[in-house]
Amino acid sequence: MTQANSITNEYQITVSSPVWQRVEQIAGEFNLSVSELLKQIGEGQLKVVAVPSNSEKISDRDIANAFIWLAAQTDVAINVYKLQKLLYYAQAWYLGVYGKPLFDADFQAWIHGPVIPDLLEKYQCQFSWEPITEKIEQPKLPQKIGQFIEEVAEAYFEYDDETLERMICSEMPWREARGDLPKDESCHAIISQESMKKYYSGRFFSK
């Protein structure tokens, strides 16, 4: 009886550094080494599910639409300036709680608070200082994001834009971005996400 020789085939796969770092991160979440993770996947103990990379990509306009829709449901008036500040607090607290941005857009440290210029222009051209009355269908956000936006709305909907301005302009991220500029001097400096994360995580975890 002839015994077949055992043959081992080796394959080399090249992956980019970010992909490998993500694999290492996933392995760490299961307290496994990368080789152990791959072995368990190969044996069917762990299942790999493909998810489109942009499946939960949220934009500042998505969040703006969520606030506008919620305001319509609760009879709350939101003008363009209050909307900017609600977006800022949503981004700031998401950074503080989860350590990552809710959306990619940056805020500039304008005289009257944080602003995303192109979003400001969009609604300012239509509504000026008046409440935004655009008809918005309920945005299709991931459940966790939707609940988070509702919590931000519950905390800040009761304030008008001037009160929100005083609150934000007394806080460190806006003040750091403006540096020593007089309060009434124009400024387009970016409020850094790192500054927002540090400040609001400190407030969240000190509760």
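Predicted model: local features only at pLDDT ≥ 70, side-chain atom pairs only at ≥ 80, totals over all residues.

Tutor: Let's start with a term: a residue is buried when its relative accessible area is under 20%, exposed when over 50%, and partly exposed in between, using a 1.4 Å probe and protein chains only. Residues are numbered from 1 along each chain as its sequence is written, and side-chain values use heavy atoms, with hydrogens and water left out.

Now the core itself. A nonpolar core is a set of buried Ala, Val, Leu, Ile, Met, Phe, Trp, Tyr and Cys residues joined through side-chain atoms within 4.5 Å. The largest one here holds 50 residues, and Ile 63, Phe 67 and Ile 149 have the most contacts inside it. Among the elements that each supply at least two of its residues are helix H3 (60–74), helix H6 (143–156) and strand E1; helices and strands are DSSP runs, with at least four residues (H or I) for a helix and at least two (E) for a strand. H4 gives the most, with 12 residues.

Zoom in on Ile 63: leaving out residues up to four places away in sequence, Ile 63 touches Ile 58, Leu 87, Ala 90, Leu 102, Phe 103, Ile 145 and Ile 149, where a contact means heavy atoms within 4.5 Å. Across the chain, 70% of the contacts with a separation of 6 or more link residues 24 or more positions apart.
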